Amino acid sequence: MFEHTTKVRVRYGETDQMGYMYYGNYAEFFEVGRVEMLRSLGMTYSSMEASGIMMPVLEMKCKYIKPARYDEEIRIRVIMDKMPGVKIHFRYELFNENDELIHQAETLLAFINMKTNRPCLPSQEFLDKMKSFFK
């Protein structure tokens, strides 16, 4: 299993009239969590794309428990339970400043060869970096 945590503050423009984060903006927080998880491994989306691989989202599932509110710092925990193959599954847990679980989600992404537009395995470099977490 591999997990990574990062923090993001809810900005005013991400909220609705009640001061709650608009439900559609949670997906952006998931993206931040994934990008920072990759960065913690010394990898970036741009380097993957430069090598010819993109990662579109195939599925997203969300459970809204409590609202994220304007100006709160949200802790985003990203969890990978199994070694990626052609697809990569992420779980997310979002916590507010009181360390209360406020949101749970999952996304499923695919590795796609940009030349053929077909599913592929991630780079060997990525697989090598992930192996130590899934022994």
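Starting at the N terminus, the protein chain runs β-α-α-β-β-β-β-β-β-β-α, where helices (H or I, at least four residues) and strands (E, at least two) are DSSP runs numbered from the N terminus. That gives three helices and eight strands. This is a predicted model, where local features need pLDDT of at least 70, side-chain atom pairs count only at pLDDT 80 or more, and totals for chains, interfaces and linings use all residues. Residues are numbered from 1 along each chain as its sequence is written, and side-chain values use heavy atoms, leaving out hydrogens and water.

Now for the charges. A salt bridge here is a side-chain nitrogen of Lys or Arg within 4 Å of a carboxyl oxygen of Asp or Glu, and the count comes to 13. Here are three of them:

| Salt bridge | N to O distance |
|---|---|
| Asp99 and Arg75 | 2.2 Å |
| Glu93 and Arg77 | 2.6 Å |
| Arg91 and Asp81 | 2.7 Å |

Asp99 sits in the loop between strand S5 (87-95) and strand S6 (101-110), and Arg75 in strand S4 (residues 73-80), so their pair ties together parts 24 residues apart in sequence. Glu93 belongs to strand S5 and Arg77 to strand S4, so this pair links parts 16 residues apart in sequence.

How covered are they? Buried means under 20% relative accessible area, exposed over 50%, and partly exposed in between (1.4 Å probe, protein chains only). Glu93 is buried at 14%, whereas Arg77 is partly exposed at 21%. Lys7, Arg9, Glu73 and Glu97 also join up in a network of salt bridges.
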